[in-house]
Amino acid sequence: MASALKTNGSFCSTQQQQFLQSTTDQFLHGSSHLNFKHCKSKKTIKPAPLCVRATSSKVELDFHDPSWKQKFQEDWERRFNLPSITDIYDLKPRPTTFSLKKNRTLTGDENVDMWNGYVNNDDRALLKVIKYSSPTSAGAECIDPDCSWVEQWVHRAGPRKEIYYEPAEVKAAIVTCGGLCPGLNDVIRQIVFTLETYGVKNIVGIPFGYRGFFEKGLKEMPLSRGLVENINLNGGSFLGVSRGGAKTSEIVDSIQARRIDMLFVLGGNGTHAGANAIHEECRKRKLKVSVVAVPKTIDNDILLMDKTFGFDTAVEEAQRAINSAYIEARSAYHGIGLVKLMGRSSGFIAMHASLSSGQVDVCLIPEVPFTLDGEFGVLQHLEHLLKSKGFCVVCVAEAAGQDLLQKSGATDASGNVIFSDIGVHMQQKIKTHFKDIGVPADVKYIDPTYMVRACRANASDAILCTVLGQNAVHGAFAGFSGITSCICNTHYVYLPITEVITASKRVNPNSRMWHRCLTSTGQPDFH
Ligand SMILES: Nc1ncnc2c1ncn2[C@@H]1O[C@H](COP(=O)(O)OP(=O)(O)OP(=O)(O)O)[C@@H](O)[C@H]1O
Ligand SMILES: O=P(O)(O)OC[C@H]1O[C@](O)(CO)[C@@H](O)[C@@H]1O
Ligand SMILES: [Mg+2]
């Protein structure tokens, strides 16, 4: 990716340089999905035109071409088109069996066809709503050097009037993969409820993630409204989760053998990559199977969506840890509260918990490098805080400052890197530093680890889970496959999985949110 952004500076006007900088930032932090390339002009008199190539597209755009916008939008339309089982089968739809009016007697004036409870396949939601006037506007996400307004539409989620499955004949399966996340049970429950509303009777849970498809001795679990009625009252996954061991062809063999028609996959970016591989393999084998994902992860690291379910709850729990660190630090002589928070490779939990608690003086995330020692280091700032206010609170994301540590070299069963412990390292460094300079410091270290995710979903996550779970079922009945059910720009939509797995979403250090966090903590740059 970095090489795609390489440019010969002598060709760039200042505006183009600013543009490239802003787009580089967006690209690295997942807010843009374009590959930028600086084209050499055929005639070298004028500055070279900037060209853009949309990810997974062969189309290159020359911004001097008056039709570049149209070409961009055509490519966008192609990329965000939802894959469907009708792409491989010539299928006739049938009228939906999903209705909220089933117990009502229609009066003579009413016509079911006129009920505006269904989503039209041509309904769209706008992905971006801000018109930036310049690449230097705060948080700007631009496509061309002039930051032109270009509409980027995505497909609206919800029940369709026509469906591609006969509910009585459907076998639907649900699987939860990756780490735990608040809200898994809420989504399972809503999927079951909604499937039953369509008339599906054969619903099963696959135990312990993808492993449940091929590990001998793991039996599928029949699911029904009665069984899942209260599962949302507890955290965890009713079906169990696991990492690693995803073998696409074996999973699809198992899907075929079990005669599964719809597969609902709840998980993070790894799980989504797996779901897409399953979808592709089903296509290759010409199976009429809809694979629909629901983005789950406390890390909030999936591209394009406002948030993933579980994130809000994790932030709320993390905030409790920060509050305890604050109370400890505030009550001690020269107290320093240190909290380490989860979040794989992205600092969203640390940033949002710091913002929501309002009690953090220093927030350290992996996206923003820092030094501990030296004039501009964190330790110097802690000295200043002890002098000026008598105590302080530090929040560090688990993947932050890895360049300061020896690499563990270890990976988990899914191949994710296991980080070295920045929390313990900082605790030791802070203690040693204050001892060395002869200033008393009472360091209290809190690592809430799994407590931020092994809990029940809060109210906002419970609602999100409800909507995403229901929409996942509507998407499968509409015949889509290889899609994910998510929230974009406050609207509920479907995205092709291919568009959300190209990279992990990370905090953009040039975003307004990170700037707000810095305003709140009052911390300086640490390098
Ligand atoms: N690129 C991939 N292709 C196919 N399967 C994958 C891929 N990456 C991960 N998986 C499988 O997806 C499952 C979950 O992956 P992973 O453990 O990375 O969690 P995740 O979905 O990213 O969620 P979390 O946010 O909890 O980490 C595992 O069983 C893993 O083997
Ligand atoms: O559940 P495990 O394998 O210990 O993994 C922990 C990781 O999972 C997450 O909770 C979710 O991805 C990360 O925040 C954390 O790094
Ligand atoms: Mg992941």
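Predicted model: local features only at pLDDT ≥ 70, side-chain atom pairs only at ≥ 80, totals over all residues.

Guide: One point of contact is Gly343, which has a backbone N or O atom 3.1 Å from an oxygen atom of ligand 2.

Visitor: How far is the backbone N or O atom of Arg344 from an oxygen atom of ligand 2?

Guide: For Arg344 that distance is 3.4 Å.

Visitor: And what does the side chain of Asp299 do there?

Guide: Asp299 places a polar side-chain atom 2.7 Å from an oxygen atom of ligand 2. On its own, ligand 2 has 400 Å² of accessible area, and the protein covers 81% of that.

Visitor: Which residues surround ligand 2?

Guide: The surrounding residues are Arg243, Ile298, Asp299, Met342, Gly343, Arg344, Glu398, Tyr450 and Arg453.

Visitor: How many residues of that shell are nonpolar, polar and charged?

Guide: Five are charged, three are nonpolar and one is polar.

Visitor: Turning to the domains, what are their bounds?

Guide: The domain assignment gives domain 1 as 162-308 + 457-488 and domain 2 as 311-455 + 510-521. Each of these two domains supplies at least three residues to the shell around ligand 2.

Visitor: How far apart are the C-alpha centres of domain 1 and domain 2?

Guide: Those centres are 35 Å apart.

Visitor: And how many residues of each domain are in contact with the other?

Guide: Domain 1 has 19 residues in contact with 18 residues of domain 2.

Conventions: Residues numbered from 1 in each chain as written. Chains lettered and ligands numbered in written order. Heavy atoms only, no water. Near = heavy atom within 4 Å. Polar contact = N/O pair within 3.5 Å; in protein donor to acceptor, adjacent residues only side chain to side chain. Areas by Shrake-Rupley, 256 points an atom, 1.4 Å probe, with all protein chains shown as cover. Nonpolar A, V, L, I, M, F, W, Y, C, P; charged D, E, K, R; others polar. Domains from an automatic or database assignment. Contact = heavy atoms within 4.5 Å.
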